[in-house]
Amino acid sequence: MDVERISHVINYDIPCDTETYIHRIGRTGRAGRQGDAILFVSPREKRMLRAIEQATRQPIQPMQVPSHADIADRRIVQFKQLMTDTLAEQDLGFFADLIRNYQQEQDVSLGEIAASLAYLVQKERPLVPLEADLAARSSDFQAGNWAANLGKPSQQVMQRFRIEVGRQHGIAPKNVVGAIANEINLEPRYIGQIKFFDTYSTVYLPDGMPKHLLQHLKQVRVCGQPLQLSLFSPEERSNRHSPKRNHKEQPKQSKKQDHRKLKGSK
């Protein structure tokens, strides 16, 4: 099989309908390519998984999650292959002289030097990762599936958010719902009341949204403007939009009050 003609598609979130899934995995078969389509599925999404299998008329086989040892073995193989390719493809004369000079100056073995360089290369991605680090990454992935693991909409605690797009930008409810729902895979039924003002709008979203999703939504553009999503502050709104009244200014009296005064003076 030609390695250059292999492609892979990874679906970190399950599509909302079967047609979208078929469109996504179609990328693995374009221009005669062959490859794999990998789909992450949470327990509550198994019904959609069955619908996809019926639409494609073929079963989707479960994959075995790699163990800590599997990950370490894979990284070591990749690192060895990287060294092999570098020795074959690069002119290393300058670096060979540098290492010999360093060895003479420091009186250390070539093995120790190679080990220190290997550590520097793999410092950010250890060949044998700590199990705690893998657990932390797993937690991050679960946070990425936050929207897929929400309960019933009626049971959600909602928070009010502010977006910096308002009436003057031509915004409509479908713009807000479409942008948020599509960007973080949040079903529209979880998006609460939306109110529009001249320069900004507010929207209710489920409490507990992970920080990286909030940060992502800040950059999403609607009507040509970034949402700049942030928690709504009623105090901030009143300070910004309530004009300061002069303490010497007398409150306006209604015509009815004026009429009573005139009648009493007679």
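**Notes on helix packing and exposure**

1. In this predicted model, helix 4 (residues 93-106) packs against helix 5 (residues 110-121) at an angle of about 120 degrees, and their axes lie 10 Å apart. Helix 4 is therefore oblique to helix 5, since the range counted as roughly perpendicular runs from 65 to 115 degrees. The crossing of helix 4 past helix 5 is right-handed.

2. Which residues make this contact? On the helix 4 side they are Ile-99, Tyr-102 and Gln-103, and these meet Leu-110, Ile-113 and Leu-117 of helix 5. By class, the residues of the contact are five nonpolar and one polar, with no charged residue.

3. Helix 2 (residues 46-56) has Leu-49, Ile-52 and Glu-53 as its buried residues. Viewed down the axis of helix 2, these buried residues fall within an arc of 100 degrees, so they line one face of the helix. An α-helix has 3.6 residues a turn, so residues three or four places apart point the same way.

4. The face of helix 2 turned away from the buried side carries Arg-47 and Gln-54, both of which are exposed. After helix 2 comes Arg-57, with a positive phi near 60 degrees.

5. Is Arg-74 buried or exposed? Arg-74, in helix 3 (residues 68-89), has a relative accessible area of 52% and is exposed, because the cut-off for exposed is over 50%.

Notes. Residues numbered from 1 in each chain as written. Predicted model: local features only at pLDDT ≥ 70, side-chain atom pairs only at ≥ 80, totals over all residues. Heavy atoms only, no water. Axes fitted to C-alpha atoms, helices over the stretch in contact; angles between N-to-C directions. Helix = DSSP H or I, 4+ residues; strand = E, 2+ residues; numbered from the N terminus. Parallel < 35°, antiparallel > 145°, perpendicular 65-115°, else oblique. Left-handed = near helix turned anticlockwise from the far one by under 90°. Contact = heavy atoms within 4.5 Å. Nonpolar A, V, L, I, M, F, W, Y, C, P; charged D, E, K, R; others polar. Buried < 20%, exposed > 50% of the residue type's maximum accessible area, 1.4 Å probe, protein only. Arc of directions from axis to C-beta.
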